[in-house]
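Welcome, and please bring up the model in your viewer.

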Amino acid sequence: MRLFIQIPCFNEEEQLTQTIAELPKKINGINEIKILIIDDGSTDNTIKVAKRNGVDFIISHNINRGLAQAFSSGIEACLKLGADIIVNTDADNQYKGACIQKLVKPILENRSDIVIGSRPIENNNEFSMIKKKLQKLGSFVISKLSGIRIPDATSGFRSYSRHAAYQINVLSKFTYTLETIIQCSQRNILINSVDIQINSKIRDSRLFKNNFQYVFKSIIDIFYITLQVKPNFILGIISFVSIFIGFVIGFRFLILLFINDFSFVNNSGYIQSLILASIFLIFGSTAILVTFLANQLAGNRRYLEKILFQLKFLENNEKTYVKNLIYRKK
């Protein structure tokens, strides 16, 4: 069993040494542990620090492409290098490296394909009350959409079996955490959570500037992802609400028409109810048609992802090399 620990990095020269030092050297059930760094267009000495600390592989983006793309590049590289289990952790040493053993254990025991490290959010004094509530709310929404209980949906400390990693296709430019949960839940991939410990915060998150930006981007991501994998849910709600409002307004119009003996000579303003009801009913009916089309597109996406899965499998069996691999420890 080969375990690859991938670490996406962007200007992490100050924290990277400590992060690597805490990673486990041996784990029961694992024959090899390799460390892979994804340098996401760093402008500091991140690569030099990584080499100095003896990492096994480094892949590099010539520009900063964002966390989601860095994660995807790491997954692709790990698969091509023969990883059986992939662990993703942050370069800022937020997560305790010793907890990696807890992350890989369910996969080794064939009890899970993806394991998410659940942080002690309630007991974290570095999280404000607002952030704690937002974390809980976000995890609750993701749990409902995916049908799987996820205590900490935004945690980036995760392990993936080779089978699960093959089926990950991240399209979001913001983060991979939410998309991979919803996406994999639709493919009957086993997802579990384990409690982990975290280190003291070294720096603020670079993914978002404040809680408002984080919430806004997360909502957009959740809406976009759900529309792709579960279009009936989003568009069904829109069409139902629109038709319901149209019926209510139309019913009101009929009541007013009856009360006024079917004469609107002195109450011509009521005709606006008929116009508004028509707009909502037409919009709702159109949304139903769009729902059918979106459902067909979602089905086509599933077929395309199955083909992509098979292509990845064949490609890796042919032992193709990692693109953009710029360093490999001898």
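## Start at Asp152

Select Asp152: at 0% relative accessibility it counts as buried, where buried means under 20% relative accessible area, exposed over 50% and partly exposed in between (1.4 Å probe, protein chains only). This is a predicted model, in which local features need pLDDT of at least 70, side-chain atom pairs count only at pLDDT 80 or more, and totals for chains, interfaces and linings use all residues. Residues are numbered from 1 along each chain as its sequence is written, and side-chain values use heavy atoms, with hydrogens and water left out.

Arg119 lies in the loop between strand E5 (114–118) and helix H5 (129–146), and Asp152 in the loop between H5 and strand E6 (158–161), so the pair ties together parts 33 residues apart in sequence. Helices (H or I, at least four residues) and strands (E, at least two) are DSSP runs, numbered from the N terminus. Arg119 is buried too, at 9% relative accessibility.

Next, pick Glu109 and Arg111, a salt bridge with its closest N and O atoms 2.7 Å apart. Glu109 is partly exposed at 40%, and Arg111 is partly exposed at 44%.

Then move to Asp56 and Lys34, whose closest N and O atoms are 4.0 Å apart in their salt bridge. Both Asp56 and Lys34 are buried.

How values were computed
A salt bridge is a side-chain nitrogen of Lys or Arg within 4 Å of a carboxyl oxygen of Asp or Glu.
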